[in-house]
Structure formats: structure tokens, C-alpha cells
6 protein chains.
Amino acid sequence: MSFMRKALYPGTFDPITFGHLDVVKRALRLFDEVVLAVAQNDSKTPWFTPQERLELIRENVKDLPNVSVRLLEGLTVEFAKNIGACALIRGLRAVSDFDFEFQMAQMNRHLNDEIETIFLMPSQKYFYTSSTLVKQVCSAKNAEHIAPFIPPNVIEAMRLKRRMDPQ
Amino acid sequence: MSFMRKALYPGTFDPITFGHLDVVKRALRLFDEVVLAVAQNDSKTPWFTPQERLELIRENVKDLPNVSVRLLEGLTVEFAKNIGACALIRGLRAVSDFDFEFQMAQMNRHLNDEIETIFLMPSQKYFYTSSTLVKQVCSAKNAEHIAPFIPPNVIEAMRLKRRMDPQ
Amino acid sequence: MSFMRKALYPGTFDPITFGHLDVVKRALRLFDEVVLAVAQNDSKTPWFTPQERLELIRENVKDLPNVSVRLLEGLTVEFAKNIGACALIRGLRAVSDFDFEFQMAQMNRHLNDEIETIFLMPSQKYFYTSSTLVKQVCSAKNAEHIAPFIPPNVIEAMRLKRRMDPQ
Amino acid sequence: MSFMRKALYPGTFDPITFGHLDVVKRALRLFDEVVLAVAQNDSKTPWFTPQERLELIRENVKDLPNVSVRLLEGLTVEFAKNIGACALIRGLRAVSDFDFEFQMAQMNRHLNDEIETIFLMPSQKYFYTSSTLVKQVCSAKNAEHIAPFIPPNVIEAMRLKRRMDPQ
Amino acid sequence: MSFMRKALYPGTFDPITFGHLDVVKRALRLFDEVVLAVAQNDSKTPWFTPQERLELIRENVKDLPNVSVRLLEGLTVEFAKNIGACALIRGLRAVSDFDFEFQMAQMNRHLNDEIETIFLMPSQKYFYTSSTLVKQVCSAKNAEHIAPFIPPNVIEAMRLKRRMDPQ
Amino acid sequence: MSFMRKALYPGTFDPITFGHLDVVKRALRLFDEVVLAVAQNDSKTPWFTPQERLELIRENVKDLPNVSVRLLEGLTVEFAKNIGACALIRGLRAVSDFDFEFQMAQMNRHLNDEIETIFLMPSQKYFYTSSTLVKQVCSAKNAEHIAPFIPPNVIEAMRLKRRMDPQ
């Protein structure tokens, strides 16, 4: 018998990709419960509101047992502590992620040394599906190009957004 | 109630440092059991034999519950599977570790996709205590310089080795 | 006898630098025809409009046989296919370019595996003349500082722009 | 007997951190005089005006002999030359700083080869206190979290700013 | 009508991998002829002699039109010039390859500015099949693990080598 | 009036290159005296003995006032302290140097926090003249290729060495 272990997976998820979902599934092998937390204080211009992002994620994880989605409030490590998580999960795809992730992980360790940051590697086929790149490639009229990287409900939401909110 | 989770921490450990031990302690927060496995097929000229390294580690983890030390035999992922581990642990200190670690992790995932590689960050004060750097700095007559980074039994073993095996 | 090979060199070119022109000349050794394509959907605040950038480039390549300039429309790989190009050219100056360029190249390969991305290295003397750095250093009153890196018509255009469009 | 050596330490300093101050103290071992220069043409949205930043720095260096603070005017290398500095000081914390810093240093060397850029390494405990990260973590209600990284007067100024200028 | 273009692909190829062969096929889209050249002066302890490596490659490219294999003699750029090649081909897999490849490419440009180095990206599935990693994983008894990365004749040669030349 | 400042420039210098000499000249703008120290405990197979390297350097700096050459004995920071140096000088050419140099600098700071490591950037034209690359390219019969990077006495010494000590 062992004790329960919960992990927090914080991120912007603007939008959620198959790469993120792959990380969630890998984390489920290591933890009894995984909570995705949608960061709200994103400085860059978002595609989706935090609430929209939360719902897009929720539809994609509804069949995964022991996975839930929350809006991230306050400091990440405090949020983790409040929900009883012992670890923060971060996906590492490329060396360019490394420095910032490391500085953030060290800052978080400073703020609360009880919460451990662990880095997971998404499946190789999702290495180039950063949300940023997906947005660069994507537009309403060629959303089919990104279908291998983005869940269908996100593609549909992007189509609607474009229709309602032309740029 | 939850199921037991065991992690394998493979490495050369030539010699074990406080940085390695810090990673072990962090891993113990996430796993029910941690097994250190000493790689034997090291191509570079080792300071200690695999058996010596195993014993130097063992003395340092003897008070940590749920930690054991083994000689690594065969492929790492097969060894992990045989001992019932669900994860490989690797410490990441610097961006220069990144590429090789990622290629190795991907190769291991190819060999067995059930075993997840997770990357942990050692305590900042051990970032510069790679075994390689320690060996460069160290010599029998100034072993005291590395006392903050290396367990006492390793320093003593290095002294003995130098005396018996002068170079 | 051999078949014709055309390459597409896409970029923001805001503004064109001698580093870009050096890459064009190197590409002409390898391809029968090189087409520069000015990306229009740049998210950052541009100095010049796409049409202005196109004209600034055109003046600088008008004596290079087999070089032309176009506005980039739609997806880069589709544009490449439509003009009959077999390769995308990218200049690599620094390791910080690497990850993004690689992710972009992999995304483009996913979108069309017939179009190969090749990376060329500009002349060493242009390694530090990124358009971004040039803009940081440059201002109307000290445009002479960047004369070694930027074609004369661009410097003149920058002067005019500043006069008409003070900031 | 030796000649006087003055160094210029240019930066945005938005806000000044203990990491910056650590670099200043290290530079004082090497130079007879250190001048901090606050860059004014920062493209990103600043927290503090250049004048505010200058004053926040000044309070923190008032007890350091041979240290002064200035607003940076014009090109950095020209400013350095005008004040009689022989060196530019830059702190390097992480490999991700490297490429940009190197390109900038090469550009500055091109503009004036008499002024040497030297890179110093801040104390390890300040490696993760980039101004950017500090701003991400910080908010008026949890300014105490960043107390180990930021001087008290900056924390107070941030509190006042938040109160007066809610966002 | 266009002129013939030949490219030289130099390397140690100890042993040839599917990643190398992938680069060859991609290069054939861009050049009329590709010559692989086996470097002989490898400082590290090789698995195969240059002649053995050449033959292992030859069997794998015998069905590719316009591809040939040679032993590399003298300076790479001189060899390229002697066989009439206008380009050197290098595969870039990871950021850790970058610096050395760039320094080598610059040295080669210094030695002969007529020969252009171009960097190609192997297929993503071969990113982690560096010859070095393959050798680490491989041993006679588990050669089947590396079958997806290494041609069959290389695996067979590795088996024979192990039998004849036990280590 | 100011106090004297001495800097130690430690290295393998196997052999000295124009890149190293460029760093020495730049350091002389910042320090009153520069001491090159030849590391003796090099693990790799050296081309020249420490004494030979010292003499090859000495001939090249004999006209530089305030520059001397020594064999490095014991720990670098202790040697620095013994000769009264306040700084260690390191040349940084590429991002791949960065991590190791930083770890070494941190280790040295741990061993003696009074001695500051400063990083200088050699002239861009020497970026690709690492001793390692020079050795790869060089052979007795084509020493002229490396003439722009290596002092004449080193080339002559390499010729003699090859004649006497064929490999």
C-alpha cells in the first residue's frame, strides 16, 4: 500500500494541443491524480479566454480518470499546496525551453521547497506542435493542416472565433 | 489507496556526489521506492570499479528507507522492467546535458514505451558538482576543497586510491 | 544536362540586410533560381510595410540574375509548391535561432514532405546584423553606424520614414 | 602606480535586483569606478520610468564608493567613451542570454573597438532573479515572496505603483 | 537547361545509420549527384575500418542512382574541389551539434569559399540515432533493438565483429 | 592614482593561437599585468609538452609589456592568489563553451570568492580557431592552411614535431 500522489500541470494552454494531452497521459503513469491548471495572467494576447481554454481542455480529458481542470489562482506553488499536489509537471520539448523552465523551477523551489518540479518529454511526434507555432500556421481556412496536432473541438472553436472575431 | 511506484536512477556514479544524493531524496517524495543502478560499461577510464562505486553509494543511502543500490545489467529499460520500475530518473543540471539526455530518453522510450524518463533538478548548490569537474579539481592533497560536494567516504576512498595507485 | 532547381527564401526582411543578401548569393551557387518571399503576417510592429520591404529588396537584387522578389501568400510550403520550388532556404546565425528554425522546418516538412528546408550560414561578418539588432542600434541621426550592414536604399528609407513618421 | 579604470554597466534595470547589485560589487574589484546607466529606449512596457529606476538604483548604491548612476543617452559605446569608460559590463546568468549578448557585444565592438565588453557571473543565488521572472511572480499582495531578490525600496515602490496605477 | 550539381557528404559513418541514408535521399532532391566520403583520420577508436565502413555504405546505396562512396583523402574542401562538388552536406539533429558544425563550416569556408556547407535535417524518427548512441545501446546479443535505426548489413557486420573480436 | 591589478589567464594552450593572443591584448586594456599559465594536468594527449607550450607562448608575447608566462601549479585559484591576481580570464567563443566554463567558474568561486572570473570575447575572425579544430585541419604538409590562425613559431614547431615524431 502506498499514499496518494497528486501532480499539478500548470500552463497557458492557449490552445490545448495533443502534445499537452500526451504529457497528461504520461503523468498518469506516475501519479494517482493530475490537475491541469489554466494560467490566467498571460501577458501576451490570448486566442481564448481562460474559461474557454478550461472548457476546451475539459472536453478532451473527460474520459481520463483522475484528471481534472482548474483555473490557476495566485502563485503556482501555493495553488499546488492548496490542492495537495506534491509535484509540478512541465513538458520539455526543446533546448530553448530549458533556461526559462529551469529558472522558473528554481524560483518555485525557492517559494516552496516541498513541491518538486518534474520535466517530462512529450512524444516525439508532438515536438514541433508548440501552441505558438500552431497559431502561426493556423488560420480558419487551413485549419485542416493542424488537425494532427490539435483536438477537433479546438479546431472548431478556432473556426468559430475567426468567424465571429475577424482580424 | 494507491499502487506502489518504483523508480530506477541509473548512472555511472564515479563517484557519487551530494548532487546525486539530493536527486535521490527528491525522487523519494514522488516514488515509493528508488533503486540506484551503477552502469558498468563505462567507456571512459573510471576512478572506481563498479563494485567500489556500489559500496560507496550504499554507505551513503543506508539510512534512507526504500532506497537500494544495484549493478546495472543489460539494457537500462529492460533492467527497469525486470525490477518493476515505472520510471527512469535523470538529473538535469545544465543545458549542455540536455541534448544527450533527450536523445537517450527517446531511445529508451523507443526500446520500451512503458518506462517513463523524468528529469529532476538537483539543488542549486550542487549545480557545479559534476563528477567530471570534481575529478578535475580533486587530488589527494587537496581533497578538502571538494568536501562540500562529495561524501566523506568517497574522499577517504580517493585518498586511499591515490596512495595505492599513484599516477 | 540537369533539371532546373528553384529555391524559396521566405522571411520578414524588415529590413533587408547585407546578411540576407549574402545568403541569396550563396544560394545562387546551389540553385538555378532564388525567389525571396516577404512574409506579410508579421505579428510584431514592422518598420516597413510588406510592399515597401519588397521594393527595398528588389532594388538590391536587380543585378542578380535569376533572383526575384514576391509577397508571400498563404502557407509557405504551399507558396513554394505553387512557384515550383523544391527547397526553402533559411539562414542560421546563432544557436538561439536553432530551435525555432528546427520546429518550423519540421512543421513545414509535415505540411509538405516534398519541400526540403536547407540551412545556410551567412558570412561571418554578418553574424551580428540581425534585423532586430540593427533596429535597436539605429536611429535617423546615427544611421551611418549601420552602413556596413544595411544597403544604402534602406538607410535612406529609414531616414525618410523617421522624418515623416516621428515616434 | 596604475591608471584609473572606469566601467560602464548599462541595462534596463526595471527594476534593479540584488543580482545586479552583486555584479556591481564584483565589478568594483576590477575597476576603480563603476557607472550604472539606465537605458531609456526600452521597447517593452516598463514597470518604472527611467527616472524612477535611476532613483531606485541610487538609493541602493549610495554607500558604495566609486559607483554612480546615470541615464543612458545615445549609443552605449559613445556614452561609454564620453564618460571615459574602457569597458562595458554585462552579467551572464544563463545560456539563453548568451547569443543575444554576444551579438550585442560584437555590434558594440564594431561601433567602437576601444571599449571592451566583459561578462561577469552573478552569485549563484541570484541566477533565477531575472527582472522578467520577478515581475511574473510578483504582485502587490505577495511582494514578500521576492524579498530575497529585490531591494526593499523597490518592493515599496512596486506596492505604491500597484496602488496608484491598478492594472 | 541547367548545369550539373554535385554534393559531398563527408562523415565518419561508423557505422552508417538510416539517419545518414535519409539525409542522402533528401540531398538527392537538391543535387544531381551525391558522394559520401568516409573520413579516415578518426581519432576515436572506431568500430569498423574505413574500408569496412565504405563497403557497408556501398551496399546500402547501390540502388540509389547518382550516389557513390569514396574514402576521404586530405582536406575535405580540397577533396570536394577535386571531385567537382559545389557543396558539403551536413545533417543537423540537435543543438549540441550546432557549434562544432558551425565552427567546422566556417573553417572550411576560410579554406575554400567556393564550397558551400549546407545543413539538412534528417527525418524526425532518426533524430536520436546518432552513431554514438547506437553503439552505446548495441551489443551482439541485443542487436535487434537497433534494427529500426541501422541497416541489416551493419547489424550483421556488428555481430561478426563481436564474434571475431571480443572485447 | 589607482592600485595595480593583475589577471591570470589559465589554459592548455596546446598550441597557442592568434585567438588566445587576441584575448591577451584585450585583457591588457583592463589590467596592469597579465600572466598566462600553462595547465600541465591535461588529460587528453597533448601535441606539445607544457614546457614546449610555455616557450611557444613566450616568443609570441615577448614584445607585450606586462605579460608573462608560467607553468600552472596546483589549483588555479590558489595559483592566482599566490601571484597576486584578482581575476581569472577566460575567452568565450561559442555557446558550447558556456556551460562548462560557467561550472568551472562557479567551482573556482566556491574555492576562492576573492578571485573573479571574467569572460572576454575574442575577435570574430578567431571564433573558429579552437586549438582542437586547428589540430583536426592541420598536418605537416598543409600547415599553410592554418597560417592565419597560428603564430609562425608554432607552425614551425609542428613541422619539426611531425618530422621527428611521425604518427
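**A note on two interfaces of chain F**

1. Let's start with chains E and F of this predicted model. Across their interface, 1 residue pair is found in polar contact, with both residues at pLDDT 80 or more. The count of salt bridges between chain E and chain F is 0.

2. Which element gives the largest share of chain E's side of this contact? That is helix H4 of chain E (residues 95–111), with 8 residues. By class, the side of chain E that touches chain F has 5 nonpolar, 3 polar and 2 charged residues.

3. In total, 10 residues of chain E touch 14 residues of chain F. Together the two chains bury about 1,200 Å², and carbon and sulfur atoms account for 65% of that area. In chain E, the residues that lose the most area to chain F are Asp99(E), Gln103(E) and Met107(E), together 45% of what that side buries.

4. Now turn to chains F and D. Here 34 residues from chain F meet 34 residues from chain D, and the area buried between them is about 3,100 Å², 57% of it from carbon and sulfur atoms. On chain F's side, Arg29(F), Leu30(F) and Met121(F) lose the most area to chain D, together 22% of what that side buries.

5. How many salt bridges link chain F and chain D? The rule finds 8. In a salt bridge that you can look up in the structure, the side chains of Arg26(F) and Glu116(D) meet at 3.0 Å, N to O.

6. On the side of chain F that touches chain D, H4(F) gives the largest share, 6 residues. That side divides into 20 nonpolar, 5 polar and 9 charged residues.

Key: Residues numbered from 1 in each chain as written. Chains lettered and ligands numbered in written order. Predicted model: local features only at pLDDT ≥ 70, side-chain atom pairs only at ≥ 80, totals over all residues. Heavy atoms only, no water. Contact = heavy atoms within 4.5 Å. Buried area = accessible area lost by both parts, 1.4 Å probe. Salt bridge = Lys/Arg side-chain N within 4 Å of Asp/Glu carboxyl O. Helix = DSSP H or I, 4+ residues; strand = E, 2+ residues; numbered from the N terminus. Nonpolar A, V, L, I, M, F, W, Y, C, P; charged D, E, K, R; others polar. Polar contact = N/O pair within 3.5 Å; in protein donor to acceptor, adjacent residues only side chain to side chain.
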